[in-house]
Amino acid sequence: MDKAYNHKIEEKHLYAMWEKNGYFKPKKNPKKKPFTILMPPPNASGKMHTGNVLMIAIEDLLIRWHRMKGDPTLWIPGTDHAGTETQITFEKQLKKQGKSRFQYSREDLYNEIWKFVQDNKGQIEGQMREMGASVDWSRYRFTLDDAVIKTVHTTFDKMVKDDLIYRGNYMVNYCPKCGTTYSDVELKHEERIDPLYYMKYGPFILATVRPETKFGDTAIAVHPTDKRYKKYVGKDIEVEGLNGTFTLKVIADDFVDPKFGTGVVKVTPAHDKNDYEAGLRHNLEVKPVIDLNGKLNEKAGKYAGLSVNDARKKVVLDLEEKGLMEKIDLKYLHTVSLCKAGHAIEPMVLPNWFVKVDAPHKSFKKPAYEAVKKGKIKIFPKWREITYLRWMEEMRDWPISRQNVWGIRIPVWYKVADNLKVRVLFKYNEFNVAGEIGELMQSSKDGAKRIITGDQEKIAGSDGGTKAFTLAEIKQGLQRVFPLVDSSFVVANDSPGDEFIPETDTFDTWFSSGQWPLVTLGYPDADDFKTYYPTSVMETGWEIIRLWVSRMVMFGYYLTDKPPFEYVYLHGMVRAIDGRKMSKSLGNVVNPEDYVEQYGVDALRMGLIAGTANGKDFNFPKDRVIAYKHFGNKIWNMGRFILMMREQSEKEVPSFATVDQKKFTKEDKAVLKELDALIKKVDTELEKFRFADAAEAIYQFMWHTIADKYIEQVKEREDKDIALAVLLHVYMTNLKLLHPFMPFITEAIYQQMPEHGESIMIEPYPTA
Ligand SMILES: [Zn+2]
């Protein structure tokens, strides 16, 4: 053996050897229950972060342990297309080249992002290998594989037929100047100083930066503990407005900040995100007063047709004139949301696709709730169960459409002749044109209903009016479609005919990743599905128990009537060394690569596992990583010492199995008894997902029982041949126990010890 263990040399070639020998593929054994884990797919174009390493360390530990126990063991790797995140990264790159996504049609943009992801995809896969993940690469899945898309489409079709899908209104970020919607993460936020208007509102004075949306108010809100207004809560009050007098109900809700303005706010569910949420809680009417051109509609009475900015000026003047304006604070600092081009975002309620989660004819969520409540699915640590159950109880209908291009398109088509009022946004030469499709297809003297961005305001038609577009022109540059709540549609993967336009929204990423246990195993017909479903353990970070775990359980029951997994293990978040959340701007991000380079994969994996006691969040355990690096050196030196003693022994050292037990001394019997106890303890702790305790037990035994005590005794022994046989047995048993935790160094040592087999990873796991 070399003097010191060199992780940089050993790790690469050992992984290649394991993979080449096919150890990562399951060995079928009809007598044994399979053990299966599906890897939560990291972002395909991303880089490994400490959370991913922890995930791989835990899953690989479970997988190697079960594989050594002789279970048919399968671990399927995958990567996620990460819709929004990837699109943003890609768009940043476009921006550097002076381009924007609106210069591309949907199809071209999708293809460009596909290329971008392919170029970057190798990195994360390489890192999975580097971390020692013993996954079955032949079953690798990407969330945009054709097979995945097909399953997701089929599920959607079934749900439409089962009447579990509907179109309803949902709050989105809309830019009236661009004529399109943006997802939350696409927005820019900017601090601005604007006037804050204090208006008289019945018996109240209330503060707002948006007096022009008052025509859409459907309640007045105060904080539940605000004594000043307690007597009004639940009452209808009369308000004198600019279009006459009206009544509004006063509600009490936590979202009101008693310190903002006077502690009273108007609630406009149609044009404010917080108000929309409050509206859902209090069943308030949603009353839109701004149209898709950014102008006030007929509900604003005499202000109809004015742009938001013009309307605000006019409303303020009229309120002042009528004596309804108490005061104006001109220096109010607040945050506004902007689109990529820097226009002000108008929160709007627009039609969206929804899943009915608890319909009277069929409940999508109830079986998923009961599975955990009745213990058919067990969550570790157990105290996380309450998070799951509460979420399932409170779950409302699930909005599943997103405005990203990079994702799985919702397989829906609209017949144009039946849907002339549907608005579209499309690219035409250097222009972006938005408007109702029926209107766009006719030449018009009045182009006002169209929004055209580009160098000129109008695209002239042959008759001197605005241009009439053909459906082909619209479809060719199509970017977004805005169907109405009641637009008629057909579900189909491919276009049902030339007279149809496609839905442009893509599925919420959780709609497809919620079917991960099904798509990875080839539901409904593949052998893998029949053999490995339901899977054994879903191991993931606790922060996605609602977003992801609950969705997988719902889809699992909906499509197969079975839970997708037996156990859920939720690991904690890895914080920075300083205890704060890792963030680029704080400069405290721990880069796993640095630790791999310096201390090796085994030490990094073991350090993280030791840190994750009971699934709680923890600070990156740098000290433990270093401690386990020392531990690696220690067990390497123990191996060298055993080999040296054997060489120096005068008598040939027998194999442990052939030694007559009567020859064991008191010390031998004691260490073998302790070894049995250790094996049992490791087994019990692993069964209960207490990885840190199992790791600690092996560490203590190897360091203190073997190195500090037993080896010292062996040095003094007369019958060295017997003592060395016992020592080698105890040491090798510990290497096997340790292998799932520290796969590389245990294999590197194993390969140099006497009587070794092909690989430690296919040795049977020690039993007491
Ligand atoms: Zn814009």
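In this predicted model, Trp413 has Val490 of strand E23 as its bridge partner. The pairing belongs to strand E18 (residues 412–415), which is joined to E23 by two bridges and runs antiparallel to it. These strands form part of an open sheet of three strands with the order E23-E18-E24 and antiparallel pairing, in which strand E23 (490–491) and strand E24 (500–502) are the edge strands, each pairing on one side only.

A second open sheet has four strands, in the order E21-E20-E19-E22, and its pairing is likewise described as antiparallel. Strand E21 (451–453) and strand E22 (478–482) stand at its edges with a single partner strand each, so one side of each of them has no neighbour in the sheet. Within it, strand E20 (residues 431–436) and E21 are paired in the antiparallel sense over three bridges, and Asn432 stands opposite Thr453 of E21.

**A parallel pair and its crossover**

Strand E1 (residues 35–38) and E2 are paired in the parallel sense, over four bridges, and Thr36 has Leu74 in E2 as its bridge partner. Together with helix H2 (residues 50–68), the strands E1 and E2 make a right-handed β-α-β unit. In a regular strand the side chains alternate between the two faces of the sheet. In strand E2 (residues 73–76), Thr73 and Trp75 lie on one side and Leu74 and Ile76 on the other, and as all four are buried, both faces of the strand are covered.

**Two crossing helices**

Two packed helices are described by the angle between their axes and the distance between the axes. For helix H3 (residues 83–96) and helix H4 (residues 106–130), the axes come within 10 Å and cross at roughly 95°, and H3 and H4 are therefore roughly perpendicular to each other. The residues that make this contact are Thr86, Gln87 and Phe90 on the H3 side, and Ile113, Phe116 and Val117 on the H4 side.

**The chain and its nonpolar cores**

The protein chain contains 22 helices and 29 strands, and its C-alpha trace spans about 110 × 65 × 50 Å along its principal axes. Of the 768 residues in the chain, 42% are buried. When contacts between residues at least 6 apart in sequence are considered, 75% of them join residues at least 24 apart.

In soluble globular proteins, nonpolar side chains tend to be buried together. The largest nonpolar core in this chain has 156 residues, and those with the most contacts inside it are Leu604, Ile609, Ala695, Ile698, Leu727 and Tyr731. Helix H21 (residues 720–738) supplies the largest share of this core, namely 13 residues. When neighbours within four places in sequence are left aside, Tyr731 is in contact with Met638, Ile642 and Ile706. Another core, of 42 residues, lies apart from the largest one and has Leu248, Ala278, Ala311 and Met348 among its members.

**Backbone exceptions**

Most residues other than glycine have a negative phi, and most peptide bonds are trans. The table lists places in the chain where the backbone departs from this pattern.

| Site | Feature | Angle |
|---|---|---|
| Tyr523 and Pro524 | cis peptide bond | omega about 5° |
| Tyr533 to Pro534 | cis peptide bond | omega near -5° |
| Asp163 | positive phi, not glycine | phi near 60° |
| Glu755 | positive phi, not glycine | phi about 65° |

Pro524 is placed in the loop between helix H13 (516–521) and helix H14 (527–532), whereas Pro534 is placed in the loop between H14 and strand E26 (535–541). Asp163, for its part, belongs to the loop between helix H5 (146–161) and strand E5 (165–175), and Glu755 to the segment after helix H22 (743–750).

Terms used. Residues numbered from 1 in each chain as written. Predicted model: local features only at pLDDT ≥ 70, side-chain atom pairs only at ≥ 80, totals over all residues. Buried ≥ 20, exposed ≤ 12 C-beta atoms within 10 Å, placed from the backbone. Pairing = 2+ DSSP bridges. Right-handed = clockwise from strand over helix to strand, strands pointing away. Contact = placed C-beta atoms within 7 Å. Core = buried A, V, L, I, M, F, W, Y, C linked by C-beta atoms within 7 Å. Axes fitted to C-alpha atoms, helices over the stretch in contact; angles between N-to-C directions. Parallel < 35°, antiparallel > 145°, perpendicular 65-115°, else oblique.
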